[in-house]
Every structure is written in structure tokens, then in C-alpha cells.
Amino acid sequence: MRLFVSEGAPGSLPVLAAAGRAQRRAELLISTVGPEECVVPFLTWPKAPVLQLDSGNYLFSTSAICRYFFLLSGWEQDDLTNQWLEWEATELQPALSTALYYLVVQGKKGEDVLGPVRRALMHIDHSLSRRSSPFLAGETESLADIVLWGALYPLLQDPSYLPEELGALHSWFQTLSSQEPCQRAAETVLKRQGVLALRPYLQKQPQPSSLEGRVVSNEPEEEELATLSEEEIAVAVAAWEKGPESLPPLRPQQNPVLPVAGERNVLITSALPYVNNVPHLGNIIGCVLSADVFARYSRLRQWNTLYLCGTDEYGTATETKALEEGLTPQEICDKYHIIHADIYRWFNISFDFFGRTTTPQQTKITQDIFQRLLARGFVLQDTVEQLRCEHCARFLADRFVEGVCPFCGYEEARGDQCDKCGKLINAIELKKPQCKVCRSCPVVRSSQHLFLDLPKLGARVEEWLERTLPGSDWTPNARFITRSWLRDGLKPRCITRDLKWGTPVPLEGFEDKVFYVWFDATIGYLSITANYTDQWEKWWKNPEQVNLYQFMAKDNVPFHGIVFPSSALGAEDNYTLVSHLIATEYLNYEDGKFSKSRGVGVFGDMAQDTGIPADIWRFYLLYIRPEGQDSAFSWTDMLFKNNSELLNNLGNFVNRAGMFVSKFFGGFVPEMVLTSDDQRLLTHVTLELQHYHQLLEKVRIRDALRSVLTISRHGNQYIQVNEPWKRIRGGEADRQRAGTVTGLAVNIAALLSVMLQPYMPTVSATIQAQLQLPPPACSILPTSFLCTLPAGHQIGTVSPLFQKLENEQIESLKQRFSGGQLEESLALKAKASPKTAAGPEQVQALREEVAKQGDTVRELKAQKADKNQIAAQVAKLLDLKKQLALAEGKPLGTPKGKKK
Amino acid sequence: MAAAAELTLLEKSLGLSKGNKYSAQGERQIPVLQTNSGPSLTGLTTIAAHLVKQANKDYLLGSTAEEKAVVQQWLEYRVTRVDGHCSKDDIRAVLKDLNSYLEDKVYLTGYNFTLADILLYYGLHRFIVDLTVQEKEKYLNVSRWFCHIQHCPGIRQHLSSVVFIKNRLYTNSQ
């Protein structure tokens, strides 16, 4: 069953406590949703938490969810319990939501908050003392206790809202709060921040209805800012005044980076890109770029961080590519490894080491793990039926077969997995299989192979997941995919292949076989570390001290969440297993998929040729990061985001703040005398910064970027309202005010430069150079907003950070990448092997597409379909014809597009 | 309909002959039942569940864990959302939610008639009576369910029978 929770939703408290109490926690798949997301399809209002049952039904009532957990454990409810639950829903909740709204959203205190709930609290107290029983429904704890405790906890955990005189309530509350399931629920939901942890949720909720009508105010809507409490302001101002001296000392750079006892040791890996493909934007955002943001953030937090990646080089695909280009597999790997490394360098990916899998270390470690698995009886031998293409004279790797999916009928299912339904496929089960290279129909042949006995390892994996998942930051999709694999039952997986280009199998009778890439590709992380340092085992055989974060797209989850952990657990060598598996959804291109063969989409090497700086690419890709759901790259949207968010918001703010210092104060940060308005701004910035930290600690990369932009929006508004450019020409007081505003603004700019560092490292460095931000402040991101540029600090030369993207520029790029760059990839190919013009298989594929599209158009015309619909299909046909002409090397007619 | 009257109706439809006396508490007139055996019981759904058990018709509270939780959820919905604040907009929202929920269901739990159906029927009766033909068509699934429940033996009693037209008149509505 799947529990949807929302950050700070108070209902999570009783639900998690009840789940813990009834020992149902392990069965829960927890997904976090936004505070305004409607999860329940039949409800018109958002509600969290919500439990989706295995039957598909939803429980949206907090009490009903709690009750369900108890019922599952066989605990029925008596009349008295029912009575408490009904009272909770009809009496307590309305009073409590008013009190919490006053406290959390409006920042009220004392009697204002206690007033609405006092009667309800007294009612509980009286009932307890009248019956003189320790629990609400009698001598033993019941569902009523858990539900009421959960509802009251956010308020009562602050002793000032638990009136002394209510002794019975007091001891009841203490008894429950000290229980393990309740404690855990409280920690998870309130995160030791007290009631303020509920703010992100409560401030998005409509006002409690009991308040409606009363709070009619004629005041102009100030801004959408939360109300601040005096305490919050005092804390923020105190931190600000301490300044950069309160920063911890900078960690010395180490080489190699090794885990240190007592520190937070963060090992970050990004899925290893397959060597023979140039990665597209989706690949880049899915792993290397996402992991890079987290690695940079982790370093800013001064965590001991190692970020590794490398190219995955073994396998049939490499062999084929080698044949195509007339090189040896090793030469292909060498060539493409460099292409990959260059692309990531251009994108400014901060690997500590970018290695490869074709190394002696890979052989050594893979064979060692294999021997240990073999010795422990986790390897099986069996005969396998395999597809062999007689025309190409070889066994076909899964990715070289295509056919109709046996489950859903999708026509372009791959040999290992169907892209449409996501089910794993055994290549010989494909209907109408085709060799992807020559398009002939392969035959089935048998061959001896080795299997990893996953069913035998399943219990260990399950036990490990049960320990690891709760409280970890595995993304919901990773949890879901792993769980559904386990639920469907594990099957033995073949780990050998009839190939030459791979890690040799050290077993008699298997001399001419190699390990299947997915068995040894994940071992690549270990061997790449071993190539980085001979002390690699300090990272990889050290689960107690190392926090392992693995980044990937969701299709890679099974191998990292089930298969590799199985091998590692079966090898019994104390391997470090993934603590946080971070999987993205898919990134689409405009309205379709990226496709190398059709030349649709932007590929890593081409991004550089667009003239758009790497940081802009990084920004936009991270802004649309497919976090939680698929997203799409769109040129128009990229132009819009660049011009609105970067140019007009962020760039404009940072530039203005710096310019005021240069123009009005001779380049020296002026004296700042903070008024209460300034203090409030400072507090808002601090709160937003803390929100940013909360999000990035949970690897919510896209959401945290919003916080950066929010701060800069606050900054712009602040400048706009205070008009320092006017005040500077006024009297003494006005000039001082201009100084304060400029000083605070430039300090916000300095803070933004650090917050931006994980996302846009070059822009960040540029701002820091312009502001002459002192070194420790550049490399450490504290949890509160500090005055890092004190009065008298001299800044450097300020210049604009971003350029406007123009419509024509974007239109022409859009054109160029909509399938046209087949041209480019052909040109590339021509360079590589001069004698082939275009691959005959590509020409053939295009011809078929042209024919198919022609049929579609004729059919539509015959049906007298909608004009626009026909026109769209005709356009598609013309485009395909153009591509075909190009591929065949025929000259093109004059292009119709506008030139300029 | 006052809560006490509703509980008396329920008693009859459950076949309980004794006839309890109910008092009402507070400004919202919450029903209270003074039982012979133990302390009094307060609250519509609490008392209703108690009566069901008294009549030995526990199946009306659901038979599986899931069903039991679903029944209680809708009972809570009844007392918080239907009885709560009933402006026209609130009721429209309730009908809209229920309409999409009931799209693939015969009863609130799916296939089994339960206390949730009875109390929601009683609670909604005064609103459904006032719906126009067009509105009844708009909330087609609610109408189908409501019509079905009012024909269940012994449920409707003296409440007026609401007429639903079988043929759709407003094919373009929605």
C-alpha cells in the first residue's frame, strides 16, 4: 500500500505513529506530494496524508487510515474508541486547526492560540481523570490514544500550550510521547523543528472555516510572505551580526579523498554512461548533472565528498560500433571515452575522478565477487535459448533485437525491456523479432550460461531494504520499482554472454564467454574507485561510515536497487550498499522522445555549438529536472526562463546591487543600520535559505533552485520599494537609508552566489569575483544568512551576468534539432569512415518511414479528415522525405525557412 | 432531520423494537444515548454503530479490514462534511466528490451495502429532494446510488421518495 504524505502535513503524525504501533511501517511505500496536489482522484480538494490500498481504493481520512492499520493487526474498536474518534473529527479538529493556523501561519502566541482549544483540552483532561484510567478508552492503549496524540502533538510538544493544571492530560501526553512509534513519527514529521515544520503545509491550506468571516481585512495584501515571529527575527539578526567569523574553518583539500571516522562521508556515483553513445540532454540531467549538483552542495556543506563516474565500455554495442567504424573495440572505447569526458568537462561536472570500466581492476574485482558468489552457492548453470542472427553470424545482445512486446503489443520493444509497459522481456519471447542491424529474422540457438541465483538472495535483499528504506531519501519511483520487483518475485538472472569484449569468466568451460554487462557494470563504480586510489576499500567496504548516494534514471533502478545489492550481499564481504537511490523520471524533447537514430533532440556535443553557455544549459535542465514526473525540454520555454528568471530576476538583482555599491559608494560596501523592515527581509531570506537546505538534503534539486530565485525576487522587490537611487540624492537620513539598502542587497547577492554554486558554477564564480567575496565565504554555505560583505569591504568591477536569448536564434536552433541534425551526425560519420555515405540501415529505415507516413496521409485524405490534421501529417511527410534525401546524399531543394 | 429522529429511523430499519430515548447536547444538538449497561454514548455515528452491533448486523460495518475502514471513513465524511457547514457551494462540492467516487461503485464500499450507505442517504436526503432535474443528471452517479438506496427494503420509511427520470434530458450537460 502506498502512503502519500506532504511535508509538514499534521495528519502524518497519527498515521505514522499508528503504522508504527501496528507494525505496518515496512509495508508502506511512502511518496511525498506537494501541499496542493490532489492525490485522490475523486476528491476536488487536496488532502494529505492519503493511503492508497492495494485494491486501488483510497483512504483519505486520517483516522480511517490509522484504523485500517489497527484492523490489519486484528485490533477492533469498541464504542468508546469510536466515540473519541468521532469527537476528534467533529470537535477537536476544527478547534485545533484554528489554533495551529494562528500559531504557525499568523505567528500569534499565548492565549490567542490556546483559547480556541482550551475547552477541548479540558474535555480530555476531565474524561481521563473522571475514569482515572491511564488511557482514553480504558486501561490499555487504543486507537483513540494514537489518533488524539497525533492531532495534539504539534501543539502540546511546546510546554507553553500544555497547561500545568491539566495534570491527567499532562501525564497521558507524556506517556504516549515517550513511546517508540510516536517518537519516530514525531521526528519524521517535525524534524526537531517544532511546530514550524508544519508551515510549508499549513500556509498552503485554506483558512480554517471557523475563521472565515472573522478575518476580513481591508489592508492591502502585503505580499505573499509568511508571518514572522519575534523569535525568528531575533535569531536571524543575531546570526547576521556574527558575520563570516562564525563560519567553520575550511576543510583542507585532500587527495585522494578518503572516508574519515566521525565525519559525514558522502560517496556519490552517477550511472555510468554507455561509451558508444553520445549522451543526450536527458542522460545528462538524469545522472551526471543531478549528481554534480548534489556533490557540489555536499562540498559546500563541508561534508567529506567523493564524486565518481566513468564510461561503461564492455558489451556487444561496442563490438558492433567497432565493426562499423573499422576500429578495434579498445580503440572505440578510447575514442569515445574522450568524447564523453570532453562533454562533461564542458558542462562543468565536478567529478573527483572520471574513469572507465575496461581496466585490470575491473577484471580483478568482478572475478573476485563472482568467485565468492560461486563458492557460496549463489551461481547456477543452465542452457539458454538465444537469438542468433545468421546473417550477421553472431548471437544478438538484447539491445540488438527489436520486436513486438509479448505483454502489451508495443511494436518497438527492445530485447530486454519494453519502453511502453516497462516489463522485462526475455529476448526469445519477443514476437516478430528482428535483428536491429540487418533487419533479418534471427533464429533460436542454445548455449551454456551462468545465472545469479536471485531467488536464494531475495530474503537478504528484502531484509536489507527493510533496514535501509525507512527514513532514507530514496526517491518514490526507486522505492516503487524495487518493491514491485520483489513483489513479482525474483528470478535467476543470466550473468554471462557469448562475446569477446567483456570481463572474462574465470571458470572452466566458459573461456570463450564474458560477464554480461549488467552484472559487471555496477561493479564499475568499485573498480573506478580502485583506479582512483588503492585504498578504494575504505569507501566500498565500509557501510558504517559511508553514505552512498547513487544517481540514475528510473530504468536503472533494478540493477542498483536489487541486482548489485544481491551480488554484494551474497559475496559476504561487507560491501557498502546504496543508502540513497536517487532516480529521475524521463526527459522528453519538445513533444516526443530524444532519438539518436532519427536525429531528434540535443546531444551533449551539440550543446556547445549552440553558443549558449554551459551554465544556461545547466540552469534550464535543472529547472525542468524530471523530479517526480516526466518533463520535457522545450526551446521556447528555455528562452522564456532565461529571459525572465535569469536575466530579469536573478541577473538584474545581482547587477543592480553591485552597481549601486560602485556608483554611489565608490565600490565600498556602505554602513548598514537595520530597521525592522530590513530585519524582516533578512529573516525571510534566512527562512528561504533553510528551506533550500531542507530540500537539498533530501536531494530535491529542482525545488531547491526555486528557493534561489525566490530570494532574488525578494531582493528585487526590496530595492524597488526602497529606491536607493533616489535616496542617495536626498538628505543625511535618506543617504544612510540608501546605504543600508545597498549594503543588505549586495550581501544577499553574495549569499545567492554561494547558493547558486551547485547549479551554475561559472556564474557563481563570476559574481564572487565581481564582489570580491572572501575565500571561506565562497566555499561554505552556512544555515543562516550572514553578513559576509561588511561595511568598508571593497568590491571589484561589476558587469552583466546574462544575455538575452532572441526569438530568431531559438527558432533556428529548434529547426536545427528537430531531426535535421541527421545531417550533422552523417557528416561526423563521413569523417570517421570516408567510404560509407550513410548507413544503409538508416536509409532503409527512413524509406520505410516515408512509405508509412505516405499511407497515413493518403488514408486521412480518403477519410476527408480535418484540414489541419492533414496539413500536419503532410508536413511530417515532407520532413521525412528531406531527411531521406539527405541520407541518400541527394541534393536538397532550396530550403523554405526564413534566413537571417 | 434531527439526529435523534434519524437514529429512531435507523433503529426501525435495523429491526430493533425497543425504541431508545435520545437526548441532545450542545448547540449542534449532538445525540446522546443513555445505555442501561454502561456509560452514555455521544455522537451520531458512534451510536449508529452501536445500534448495528445491538441488532447483530455487524456486517453492516464491513467485513474486511479495508471495508471497515472505508465504512468509518464515509461515516466521518457524513458528520464532518455533509453536516458541517452546508452552504450551497459546500453541498455542490460534496456531490461532485461523491459523484466521481461512485462512478464505478454500487455502494460506498463497492459491492456491499453498509451503514455508510444508510447514514449518507439520510444525511443527503434533504439536499437531493431540492435538486433540479438538470442537477440530478449532472450528479448522475449519485442519483443512481441514491435511487438504489431509497428502494432498499426498510430504509426509506416515511421519507419522501425522490423521483429520478430514466431518460437523460440534458445530453449536452457537463
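Modeller: Two salt bridges are counted between chain B and chain A, a salt bridge being a side-chain nitrogen of Lys or Arg within 4 Å of a carboxyl oxygen of Asp or Glu. One of them joins the side chains of Glu76(A) and Lys68(B), with N to O at 2.6 Å. Side chains of opposite charge can pair when their charged atoms come close.

Please keep in mind that this is a predicted model, in which local features need pLDDT of at least 70 and side-chain atom pairs count only at pLDDT 80 or more, while totals for chains, interfaces and linings use all residues. Residues are numbered from 1 along each chain as its sequence is written, chains are lettered from A and ligands numbered from 1 in the order in which they are written, and side-chain values use heavy atoms, with hydrogens and water left out.

Between chain B and chain A there are also 18 residue pairs in polar contact, both residues being at pLDDT 80 or more; such a contact is a pair of N or O atoms within 3.5 Å, where within protein one must be able to donate a hydrogen and the other to accept it, and residues adjacent in sequence count only if both atoms are side-chain atoms. On chain B, the elements that give two or more residues to the side touching chain A are β3 (41-42), α2 (44-54), α3 (65-82) and α4 (88-101), and α3(B) provides the largest share, 13 residues. Helices (H or I, at least four residues) and strands (E, at least two) are DSSP runs, numbered from the N terminus.

Sorted by class, this side of chain B has 12 nonpolar, 11 polar and nine charged residues, where Ala, Val, Leu, Ile, Met, Phe, Trp, Tyr, Cys and Pro count as nonpolar, Asp, Glu, Lys and Arg as charged, and the others, Gly among them, as polar.

Taken as a whole, the interface brings 32 residues of chain B into contact (heavy atoms within 4.5 Å) with 28 residues of chain A. The two chains bury about 2500 Å² between them, 53% of it on carbon and sulfur atoms; buried area is the accessible area (1.4 Å probe) that two parts lose on being put together, summed over both. Of the area that chain B buries against chain A, Glu66(B), Gln73(B) and Asp97(B) supply 22%, more than any other three residues.
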